[in-house]
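Subject: Structure handover

Hello,

Below is the structure I said I would pass on. My notes on it follow.

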Amino acid sequence: LNRDIQAVVASVTISEPHYSQSMVPFDKEFVAAEPFWKGVQQTVSLTVVSGTGEPHTMSVTTTISGSVYAEPTITYTAPGSTGTTTLSGILINYQSTGEIVTWSGGASALAYGSAVKFDYENQIILQNTTEIVATGVFSRWEPGTPTLTATFSGQAPGGTLDIVYRPRYL
């Protein structure tokens with residue numbers, strides 16, 4: 001299996017005297033901040049249709065693998081061009097629980113080629129590299145086939161919506 005876990009060494013014990021310089025028996029204890037093994041990163045890339053009416057809503061059903069919840073990163077990237085978009089907000093609704101998190105335009109208009117990143121693991125929203133005050137609840141996505149709804153306020157300029165996560169296992 002291709003899984004990993006982040007841990008630190010809590011202690012190392014050499015329990016008995018040893019008389020060999022080439023081999024020493026010892027016990028090592030590791031502590032992990034979270035008890036989950038993580039699988040290979042999974043990515044779903046979707047195209048956001050441009051020129052649709054306001055608000056533009058897209059519904060996506062995806063598969064979340066693993067044995068415990070996932071905390072995805074959802075990134076909207078505006079198409080490349082010059083100037084700013086008319087996008088004024090993005091609402092992500094995790095339909096399994098009805099929990100919603102919203103980006104409401106940030107400190108400035110979203111420039112073409114820029115991104116809005118919903119980071120569920122760290123519970124932050126980034127407009128490019130600037131942290132934006134989040135409104136709503138960052139959900140824990142349970143394994144299965146959940147549906148999310150992304151609603152774009154303002155004229156949808158097109159672009160991509162990427163859902164990225166690493167499955168977690170006990």
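Five strands make up an open sheet, ordered β5-β13-β7-β8-β12, with antiparallel pairing. Strands here are DSSP E runs of at least two residues, numbered from the N terminus, and two of them pair if DSSP finds at least two bridges between them. At the edges stand β5 and β12 (135–136), each with a single partner strand, so one side of each has no neighbour in the sheet. The antiparallel pairing of β5 and β13 runs over six bridges, and Thr57 is opposite Thr151 in β13.

This is a predicted model: local features need pLDDT of at least 70 and side-chain atom pairs count only at pLDDT 80 or more, while totals for chains, interfaces and linings use all residues. Residues are numbered from 1 along each chain as its sequence is written, and side-chain values use heavy atoms, leaving out hydrogens and water.

The largest nonpolar core has 28 residues; Ile74, Tyr76, Ile90, Ile92, Trp103 and Phe118 touch the most other members. (Such a core is a set of buried Ala, Val, Leu, Ile, Met, Phe, Trp, Tyr and Cys residues joined through side-chain atoms within 4.5 Å; buried means under 20% relative accessible area, exposed over 50% and partly exposed in between, with a 1.4 Å probe and protein chains only.) Strands that each supply at least two residues of this core include β5 (56–61), β7 (89–94) and β13 (147–153).

Two loop residues other than glycine have positive phi: Gln123, near 55°, between β9 and β10 (124–127), and Asn128, near 60°, between β10 and β11 (130–132). Gln123 is partly exposed because its relative accessibility is 47%.

Regards

Technical notes. Helices (H or I, at least four residues) and strands (E, at least two) are DSSP runs, numbered from the N terminus.
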